[in-house]
Amino acid sequence: MRAWWLLAFAVIVSVASATDVRVGPQGPGFYRMRMGGDEITALLDGTHPFPADELLTHIERSKIDSLLHADYLASPVQGSINAFLVKTPDRLVLIDTGAGPLYAGDGGFLPAALAAAGYRPEDVTDILLTHLHRDHVGGLIRNGTMFFPNAIVHVNKADSDFWLDPANEPKVPKILLPMFAGAMDSLGPYLKAGHVVTFSGETDILPGIRSLPAPGHTPGHTWYLVSSGDEHLLAWGDTVHVATVQLAEPGVSIRYDYDEAAAATSRKRALDEATAKGYWVAAAHVSFPGLGHLKRAGDGYQWVPVNYDRTP
């Protein structure tokens, strides 16, 4: 048994070294589960200190502190940066890519998690981006080249039209300006290689995966509904940033929202639909692995994390 373990560890280390990645102080960050006939794997790109009391809007700071304290938290909250693999019988689909090198030491661990989960970058056939903010696109590249050389990148046309055009920079507050360079640098090699496909509205992106428009956080912010048999998973991108606060108070938005009112409307719709239909939820910034369900709790909602299973 010891020899097998050492061999497995050597393989993980060799794959990680070959892709020039950093391994964090915790164990490799992946969690795998089955959903119908698909395999879902959550990948942790890192965690990022999130000053909730400074960035959340439409709520008093004292209320933020009170809600955080009730969950034994305080601002800044360490927010997870999650991405999700969907393995179908004929495709390996990655939903978002993490921050990669764009968040300094807070991101960039997804490649190590991918290797630990038993996959190589070249195995990924498709990448679905919920939107083009830095912590969702940064993992696309390494040293200016495509990290996923065989993948086709799918992105909502409204988001690509907006964030890939520097002429739109005067339309956003200063806090959002870095998103333009992040999007252009990360998507650039894929655009040059002809590996970017845009779509509009609600449509079937791939067999079993449908796009659902959810504008507000960005002009083309998109959810992906993954269906397999009778089960469904809603990958909702940046619908919720601080679960402790925004599930209790869904009207709370964030300064990173391009349109805070529209984002709040989309958030309420996601929470209601996931609760009513019993969807699995894949949440980019809920504590890793970011997989779970929702249920009603008074006037708000409660996150029910996936029950840990060592043998999915």
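Me: Which exposed residues does the face of α3 turned away from its buried side carry?
Reply: The model is predicted, and in it helix α3 covers residues 61–70. Its buried residues are Ile64, Leu67 and Leu68. They cover an arc of only 100° around the axis, so they sit on the same side of α3. The face turned away from that buried side carries the exposed residues Ser62, His69 and Ala70.

Me: What covers the buried residues of α3?
Reply: The buried residues in question are Ile64, Leu67 and Leu68. The elements covering them include α2 (52–55), β3, β4 (77–87) and α8 (243–246).

Me: Which residue with a positive phi follows α3?
Reply: Helix α3 comprises residues 61–70. The residue that follows with a positive phi, near 60°, is Tyr72.

Me: Is Thr57 buried or exposed?
Reply: Thr57 is found in strand β3, residues 56–57. Leaving out residues up to four places away in sequence, Thr57 touches Val252, Ser253, Ile254, Arg255 and Glu260. A residue counts as buried under 20% relative accessible area. Thr57 has 8%, so it is buried.

Me: What is the relative accessible area of Trp303?
Reply: Trp303 lies in strand β18, residues 300–305. Residues up to four places away in sequence aside, its contacts include Leu247, Val281, Ala283 and Val286. Trp303 also touches Gly290, Leu291, Gly292, His293 and Leu294. Trp303 is buried, and its relative accessible area is 16%.

Me: What separates the C-alpha atoms of Trp303 and Leu291?
Reply: Trp303 and Leu291 are 12 residues apart along the chain, and Leu291 is among the residues that Trp303 touches. Their C-alpha atoms are separated by 9.4 Å.

Me: Which residue in the turn between β17 and β18 has a positive phi?
Reply: Strands β17 and β18 pair in the antiparallel sense over 6 bridges. They form a hairpin with 2 residues between them. In that turn, the residue with a positive phi, about 65°, is Gly298.

Me: Which residue in β18 is the bridge partner of Gly292?
Reply: Strand β16 (residues 280–282) pairs with β17 (residues 291–297) in the antiparallel sense over 2 bridges. There, Val281 has Gly292 as its bridge partner in β17. Gly292 also has a bridge partner in β18, namely Pro305.

How values were computed
Residues are numbered from 1 along each chain as its sequence is written. This is a predicted model: local features need pLDDT of at least 70, side-chain atom pairs count only at pLDDT 80 or more; totals for chains, interfaces and linings use all residues. Side-chain values use heavy atoms; hydrogens and water are left out. Helices (H or I, at least four residues) and strands (E, at least two) are DSSP runs, numbered from the N terminus. Buried means under 20% relative accessible area, exposed over 50%, partly exposed in between (1.4 Å probe, protein chains only). Contact means heavy atoms within 4.5 Å. Two strands pair if DSSP finds at least two bridges between them. The arc is that of the directions from the helix axis to the C-beta atoms.
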